[in-house]
Amino acid sequence: AAHRSGPLKQQNKAHKGGRHRGRGSAQRDGKGRLALKTLSKKVRKELSRVDQRHRASQLRKQKKEAVLAEKRQLGCKDGPPHQVLVVPLHDRISLPEAFRLLQDKDTGTVHLNEWGSTHSFMLLCPRLKHRWFFTSARPGDLHTVLDMAKVADTILFLLDPLEGWDSTGDYCLSCLFAQGLPTYALAVQGVSGLPPRKQIDGRRKLTKTVEKRFPDDKLLLLDTQQEADMLLRQLANQKQRHLAFRDRRAYLFAHAADFVPSEENNLVGTLKISGYVRGQALNVNSLLHIIGQGDFQMKQIDAPLDPFPLNPRVIKSQKDPSMAMEICTPDAVADMEEDLKVLMKADPDKQESLQTEVIPDPMEGEQTWPTEEELNEANDFLKKSPRLVKKVPKGTSSYQAEWILDEDGESGGEDESDDMEHEDFIEEESQDEGSEKEEEEEYETMTVGESVRDDLYDENVNDEAEEKMLEKYKQERLQEMFPDEVDTPRDVAARIRFQKYRGLKSFRTSPWDPKENLPQDYARIFQFQNFTNTRKRIFKEIEGKEVEGAEVGWYVTLHVSKVPVSVYEYFKRGAPLIAFSLLPHEQKMSVLNMVVSRHSGHTEPVKAKEELIFHCGFRRFRASPLFSQHTSADKHKFQRFLTADVALVVTVYGPITFPPASVLLFKQNSNGMHSLIATGYLLSVDPDRMVIKRIVLSGHPFKIFTKMAVVRYMFFNREDVLW
């Protein structure tokens with residue numbers, strides 16, 4: 001440990017050298033200066049050994065009490081129900097049998113809900129002072145599993161006694177691990193059905209299989225009623241794991257929904273979502289994001305009676321005690337509208353706007369009229385500096401013109417090199433550029449062998465799709481062997497084909513202005529002056545500031561305005577309806593940068609600008625990303641393919657999200673299925689991150705001298721060489 005001097009350290013006087021000054025001159029020089037504090041460092045009080053032990057025990061006690069309070073609140077009468085997502089990881093597992101064991105009348109009161117294909121039920125257990133809400137999802141329906149895992153308090157994985165999980169279950173686990181697992185438990189179903197000799201061997205093999213994914217977790221059994229009771233006690237007493245992206249936001253899983261169409265249009269109206277508030281307190285003036293549907297505003301928040309109270313003491317009859325259980329059934333709460341209590345109504349002045357893009361002002365970049373002094377200075381400067389007239393391509397800025405050679409072979413810049421024999425040409429690649437025509441031009445001279453077809457080839461295979469995939473494989477292979485190398489076209493002049501590129505002496509040190517030559521549409525996105533400071537300030541406000549609105553654990557009804565009727569129909573078909581509140585600025589569009597690594601199970605080449613499906617935190621959207629190198633420099637080289645061995649940065653236009661947030665990338669196959677191609681995390685929200693596209697022109701060395709080389713087959717006409 002470094003030595004820290006105490007407050008009583010001897011301070012020696014500094015040596016006074018030079019000419020002595022009077023008191024008046026010293027006062028004039030020190031005008032406005034503040035006197036130094038006697039002790040600038042905070043005095044650290046040294047505690048005795050007994051006090052240190054006492055303080056450590058107090059901190060341990062506080063942490064223990066915080067964990068216990070969190071456990072007690074989840075599933076208690078004042079907190080939200082303990083939401084458990086049941087995921088069977090094998091085809092042989094019987095989900096109805098598992099639900100039958102958990103729905104025991106002796107354990108507590110059961111309330112069944114059935115929405116299409118999703119089965120769920122509420123279990124109230126006054127004996128354990130706990131209430132559970134069980135839902136289920138099949139691993140084949142991957143997006144439903146991922147969406148419901150975002151709001152589940154616990155995931156209960158059901159394993160097969162012989163194999164544990166099949167290929168679909170293993171793929172589902174990979175996606176859940178990449179997104180972030182909440183608290184989970186492992187239960188084995190069907191052990192009692194095996195012969196006694198095979199039970200011990202099967203248990204040993206299953207333990208080895210499970211250790212690969214869950215090294216330190218205990219396996220529970222789920223075959224009898226007693227084992228189901230043990231499982232419920234284990235779920236109630238588990239320590240909760242936190243997911244960062246949901247702890248700072250309010251979220252809600254819809255238990256019921258209703259749609260009221262508007263007067264003008266039947267396709268749009270007010271959606272009433274009922275459920276328990278979780279995470280943080282919910283303010284009516286904040287925006288609401290419904291996963292897979294979009295961002296919406298709220299009109300008001302109602303507080304109806306809780307339909308599933310743990311201790312139903314509404315009208316307790318002494319003659320018939322069973323009436324108390326009947327009161328909390330959904331049929332008895334049909335007249336809930338009469339007992340509605342309006343918690344909050346939206347204030348138009350304080351309500352967050354749904355504006356996602358900036359409306360650019362064309363006059364914003366205009367300067368005020370210069371003064372006479374500034375005009376005279378500019379005229380004098382123009383007279384002194386010699387002016388050069390050059391022929392440049394259309395749309396070239398003055399900054400780019402400095403790099404262009406004139407007819408005599410000399411550049412306008414002073415520090416330009418004498419020859420252009422070996423240079424990397426780099427193009428600034430904005431996301432609005434790069435149409436299909438450009439892609440065709442870039443690869444039009446690449447010679448690739450044709451795929452050889454066999455006469456006995458399977459008729460069901462799409463030949464055109466196979467040829468496209470083969471072409472992508474060859475392009476990826478060429479890119480690995482000869483990175484960024486491009487053949488000079490013969491039918492188009494090189495000075496026209498490569499007019500968007502410029503020569504850089506050094507990719508790392510050469511200057512490049514990030515605001516230069518941006519497209520007009522780039523003004524429509526939002527940019528932070530300091531993204532890190534804004535994020536810190538918003539998170540600090542969440543921790544310290546008390547939010548007015550619905551508290552955590554309350555059963556509320558949200559009136560969401562201007563929602564399409566398709567959202568309600570989607571819910572009625574059995575899909576889950578999940579809503580997250582948005583932090584300030586999270587509805588606005590900007591440029592998201594994410595660090596991803598390619599998933600080991602995906603081997604097909606993934607080209608830049610292909611449409612992919614993104615799971616970013618609590619959002620799900622489609623975008624066409626750019627790939628670039630993950631470095632600490634100010635310029636980042638564009639990658640044409642998603643490489644398998646190195647982590648890359650994916651850049652997309654998307655809604656602002658404050659990290660930390662997990663990222664999953666999916667690609668839609670020709671058969672409609674989605675395959676996981678990459679996983680990672682959100683890096684930053686930065687429109688100024690420069691993604692630079694580089695090309696290397698190659699040729700055949702003819703003669704090599706000490707300081708010069710003669711290269712053939714790089715250019716094919718004299719004008720290109722002179723240019």
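**View 1. Strands S23 and S24 run antiparallel and are joined by two bridges.** S23 covers residues 626-629, and strands here are DSSP runs (E) of at least two residues, numbered from the N terminus. Two strands count as paired if DSSP finds at least two bridges between them. This is a predicted model, in which local features need pLDDT of at least 70 and side-chain atom pairs count only at pLDDT 80 or more, while totals for chains, interfaces and linings use all residues. Residues are numbered from 1 along each chain as its sequence is written, and side-chain values use heavy atoms, with hydrogens and water left out. Look for Ser 628, whose bridge partner in S24 is Phe 638. Five residues make up the hairpin that leads from S23 to S24.

**View 2. Strand S24 also pairs with strand S28, in the parallel sense.** Three bridges link S24 to S28, which spans residues 690-697. Is S24 itself mostly covered or uncovered? Residues 635-639 form this strand, and five of its five residues are buried, meaning under 20% relative accessible area with a 1.4 Å probe, protein chains only.

**View 3. Helix H3 lines up its buried residues on one face.** H3 runs over residues 95-102, and its buried residues are Leu 95, Ala 98, Phe 99, Leu 101 and Leu 102. Seen down the helix axis, these residues fall within an arc of 160 degrees, so they line one face of H3. That arc is taken from the directions from the helix axis to the C-beta atoms. Helices are DSSP runs (H or I) of at least four residues. At the start of H3, you can find Ser 94, where a side-chain oxygen comes to within 3.4 Å of the backbone nitrogen of Glu 97.

**View 4. Two stretches of the chain have pLDDT under 50: residues 314-338 and residues 407-457.** The pLDDT is the predictor's confidence in each residue, from 0 to 100. For residues 314-338, the model has 20 contacts beyond four places in sequence, a contact being heavy atoms within 4.5 Å. For residues 407-457, there are 102 such contacts. As background, the protein chain averages a pLDDT of 79, and 81% of the residues score at least 70.

**View 5. Stepping back, the protein chain holds 17 helices and 30 strands.** Of its 723 residues, 41% count as buried.

Technical notes:
Buried means under 20% relative accessible area, exposed over 50%, partly exposed in between (1.4 Å probe, protein chains only). A polar contact is a pair of N or O atoms within 3.5 Å; within protein, one must be able to donate a hydrogen and the other to accept it, and residues adjacent in sequence count only if both atoms are side-chain atoms.
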